[in-house]
Amino acid sequence: MKAVSIIAAYVASCFLLWACATPEAARPADAPVVDAPAGAVRGLRIGGVDQFRAIPYAQPPLGQLRWRPPQPLPRWSGVRAAEERGVACMQPVMATGPYNRGAVAMSEDCLTLDITAPANARNAPVMVWIHGGTLIWGTGHSPMYDGGAFAARGVVLVSINYRLGVLGYLAHPELSAESADGVSGNYGLLDQIAALQWVRDNIAAFGGDPQNVTIFGESAGALSVEYLLASPPARGLFDRAIIQSGYLFTMPELHDARFEEYSAEAIGAWAATQVSAANLAQLRAMDARELVDRAAAAGYAPLGTIDGKILPRQLVDTFERGEQAPVPLMAGFTSGEIRGLRLLLPPLAESPDAYSETITARYGDLAGEYLRLYPPTELEQRRLEASRDVVFGWASERLVRNQTALGQPAFLYYFDHDYPAAAAADLTAFHASEVPFVFGSFDATPANWPRIPETREQRAISDAMLDYWTSFARTGEPSAARRPVWAPFARSRSYMRFGEAPAPGTQFMPGMYELHEQIMCRRRHSGSQSWNWRSGSTAPVLPAPVPECATG
């Protein structure tokens with residue numbers, strides 16, 4: 001299927017345990033015990049920080065609960081041990097590279113979350129982290145997402161698991177038929193909403209303020225934040241949002257084929273044939289490991305489904321209409337996003353003239369502006385920049401613009417930080433490279449991640465980002481003592497660049513947003529083209545200008 005193969009190309013470019021009881025003799029006398037509405041849990045106290053691991057927030061999605069909305073758990077009896085790391089949700093093996101964490105424990109029984117809180121916290125701001133991984137890989141239990149640095153700044157950090165891949169996002173006619181709302185897909189998103197409901201109902205017992213919750217995520221986690229901003233069932237469950245390297249691709253619609261995408265139900269029916277399942281009963285009876293591996297091998301690529309209920313319309317339309325949650329927003333991206341996602345790149349042009357001819361043929365009346373922004377010099381750098389901007393640059397600026405139009409403070413950042421190991425690997429400011437700086441987790445990155453040196457200079461950048469991120473969660477405005485003032489985007493297209501040190505700027509990337517907005521608008525108006533990562537020679541020929549896309 002063409003739509004599946006298009007999405008699969010992105011997927012190809014791109015971590016894990018049901019709570020285990022700790023022997024009574026191994027528990028320290030000062031182990032924290034919290035009696036929450038969900039039940040009592042015992043965690044760990046390490047250096048003035050309380051950690052509670054792998055707390056279940058919904059029933060295990062097993063058997064007949066596979067591909068159903070998450071079901072609430074009854075309150076458990078006794079004190080539940082929350083001292084061991086949890087498992088990841090089911091996922092295929094990841095290709096070798098900086099994001100691969102090696103062998104990880106995983107299970108379909110995975111709807112758990114971790115909480116890290118200052119000891120004896122009261123009414124502390126809460127931040128809920130949604131991990132990335134293309135909606136296929138990852139876990140909220142990764143050591144790189146340790147919340148100790150957040151707790152040291154007076155913040156309660158919650159990190160969540162959610163169903164992934166075919167188990168998290170499959171739509172199918174039989175699933176829609178058995179749904180009271182007539183919809184299917186979006187089960188991973190519904191898990192995230194259930195986790196936020198659990199936080200609302202329980203986090204006060206851990207010292208958090210349920211009226212001050214910030215959701216944040218990177219890559220597919222950032223996409224999930226966008227889904228939550230757009231989803232009516234998530235309304236009121238959070239108060240601020242941070243989007244790190246988000247994107248605004250075309251999403252499949254439940255029943256209708258549009259924008260080069262088959263319907264989500266058609267994609268699901270196709271996926272069932274690829275795993276040799278004749279009906280829903282056979283799909284539910286399949287071994288989870290076999291199902292996940294065969295679906296991934298066939299090219300099934302998960303995305304949210306536009307179903308009119310959980311996700312009412314395409315994300316660009318929701319944000320353009322001002323129908324998203326009216327909350328303060330931070331968003332941004334990295335300068336070298338595509339250095340770690342090279343399968344998104346178009347082929348390198350043979351010469352400057354060949355490059356210019358291709359751009360002219362594909363972008364028509366916008367070719368001149370395209371070539372001004374991405375001129376036919378240093379062709380490798382130009383294709384990195386153009387591919388970055390069509391995915392992440394345009395989306396980041398559009399999101400802060402749309403939130404500003406709602407009357408909400410919105411802040412833009414640009415992560416352009418380098419260090420020796422990243423430079424040596426040609427991975428300067430690569431996709432997700434800001435994450436260990438946001439968490440202060442230099443020693444917990446995957447084995448093939450360029451090593452971040454433990455130096456004063458690197459810690460200074462990390463400390464500044466932690467201060468900006470946590471102050472935004474506290475007040476809705478990012479600030480850091482003895483650091484530059486971060487102005488909202490509305491003031492002269494202001495932004496914060498994180499290079500050797502935080503540095504504020506104005507007039508962010510003149511012309512970049514305008515070009516890619518015009519390209520997206522024409523593709524959307526045509527109804528026959530998707531908007532995604534395709535740029536340069538891989539982009540379809542741009543439709544002609546239309547009044548609906550006039551910039552005035």
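## The sheet

Strands here are DSSP runs of E with at least two residues, and helices are runs of H or I with at least four, numbered from the N terminus; two strands pair if DSSP finds at least two bridges between them.

The model is predicted: local features need pLDDT of at least 70, side-chain atom pairs count only at pLDDT 80 or more, and totals for chains, interfaces and linings use all residues. Residues are numbered from 1 along each chain as its sequence is written, and side-chain values use heavy atoms, leaving out hydrogens and water.

## One strand pair

Strands of a sheet pair through backbone hydrogen bonds, either parallel or antiparallel. Strands β8 (residues 112-118) and β10 (residues 156-160) pair in the antiparallel sense over four bridges. Thr116 stands opposite Leu157 in β10.

## The nonpolar cores

A nonpolar core is a set of buried Ala, Val, Leu, Ile, Met, Phe, Trp, Tyr and Cys residues joined through side-chain atoms within 4.5 Å, where buried means under 20% relative accessible area (1.4 Å probe, protein chains only). The largest core has 130 residues; Ile55, Ile115, Val158, Phe206, Leu229 and Phe238 touch the most other members. Helix α13 gives the most to this core, with ten residues.

A second, separate core of 44 residues includes Val155, Tyr413, Val438 and Ala480.

Methods
Buried means under 20% relative accessible area, exposed over 50%, partly exposed in between (1.4 Å probe, protein chains only).
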